[in-house]
Amino acid sequence: MRAAYFAFDRFPSSKGSAVHIGQMAAELFDRFGGGLLGVLGGGGLPRYQREGGVQIARFDEQIPNLIDRAEAYSHWVARHLAPHLETLELVHVRDPWSALPALGHRHKVVYEVNGLPSIELPHTWPQAAPATVAKLRRLEAHCLEQADAVVVPSSVIGDAIRRMGINPEKVFLVPNAANPVTPTPTAPTAPVAPTAPTAPTAPVAEAAGAASATPGGARPPGTPERYLIYVGALQRWQGVDVLLRAFARLADLTELRLVVCSSVPERRAKPLQRLADRLGVAERMVWRFTLPHDEVAGWLAGAAVSAAPLTACPRNLDQGCAPLKILESMAAGTPVVASDLPAVREILGEDGRLVAPDRPAELARAIRILLEYPDQARAMAERARGRVPSWADSRARLAEVYRRV
């Protein structure tokens, strides 16, 4: 193998990270005529498979402790790199556990930073000891310093990397992207059951890193007549609880529904579903779980408003974020209301409604304005659609990073 791509993420999956991995890995393997793709498995995915010139290996050890699992994965990466050390020219990694075993060899290493575990861990695992977080910070700094290039999806994350003392000349912006969606309207059908889950599906071809086609905008069966939408995971920093409280303030709009297209299984939504019950909005909600990516595009294209209520926590402020949910909403021509955070402003500019984070009343007011002035909302959404970089644009930037190293 001349090239390898490693990520401590399940792939394929319904998460936005899987979309990003598919596109970035596709560019790497197109350039080098194939290679080795190492990712997380489980959920019935095969441990090994081959797709054309790409050999896919999946780490699927069930280790409850996150740090123990990450370290076991890092040793697994080292074992899979070992047979190819004489031929590898470039290794692309997404996290320090992938980066550490890839460093110190003859090949070049491109480290793509979508988030810093030392910042994210305290939000995912609040019980994490400060000493553990400090060790993670040192590990990140070492890997970033030793990498030949660092790729970031937003200038906010890039600034965070530079503040760590990393040479700014080797930090490159390769933004997240979304391909345009052409809506295909269909007549809405009877509302679906509020909590019906959908099993994950993902074509194996995506696991080869093949560039996905532009998703269609066909409206899925069972969509409500008029609805808001949230797309993504359900961690606390996503602010879905804020959105539920805002939706409760729109009770006078009796025909309006809130659709949650979550990238995680239904069991993780139980606390939010209980909150919806307490707020009295459960009967006005539609939950969908781990939908295929092209189906999510249809739900987005049919929505009146897409909401991204990110909280003002260090995870979203200190390192920034570049949410695909916002870019894909923009590409679908759906008006966006989102938290006024630096990374969100970088994406939306003035072509979305920005509200102070963690304030349900302000979020509800912004949603109401977009619903009451649909012509202005559509015009704003069309301007936003023109701002979205395509995956071809982002891949071209990544190709230039590869050429430089």
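**Salt bridges and their surroundings**

Tutor: Lys270 is partly exposed, at 37% relative accessibility, where buried means under 20% relative accessible area, exposed over 50%, and partly exposed in between (1.4 Å probe, protein chains only). This is a predicted model, in which local features need pLDDT of at least 70 and side-chain atom pairs count only at pLDDT 80 or more, while totals for chains, interfaces and linings use all residues. Residues are numbered from 1 along each chain as its sequence is written, and side-chain values use heavy atoms, with hydrogens and water left out.

The partner of Lys270 in a salt bridge is Glu266, with the closest N and O atoms 3.9 Å apart; a salt bridge here is a side-chain nitrogen of Lys or Arg within 4 Å of a carboxyl oxygen of Asp or Glu. Glu266 counts as buried, at 17% relative accessibility.

A second pair joins Asp159 to Arg162, whose closest N and O atoms are 3.1 Å apart. These two residues are separated by about one helical turn because they stand three residues apart in helix α6 (residues 155–163); helices (H or I, at least four residues) are DSSP runs numbered from the N terminus. Asp159 is partly exposed at 38%, and Arg162 is partly exposed at 34%.

In helix α15 (residues 374–385), Arg378 and Asp375 also lie three residues apart, about one turn of the helix. Their salt bridge has its closest N and O atoms at 2.4 Å. Arg378 is partly exposed, with a relative accessible area of 49%, whereas Asp375 is exposed at 52%. Elsewhere, salt bridges that share partners join Asp9, Lys15, Arg94 and Glu112 into one network. The structure holds 21 salt bridges.
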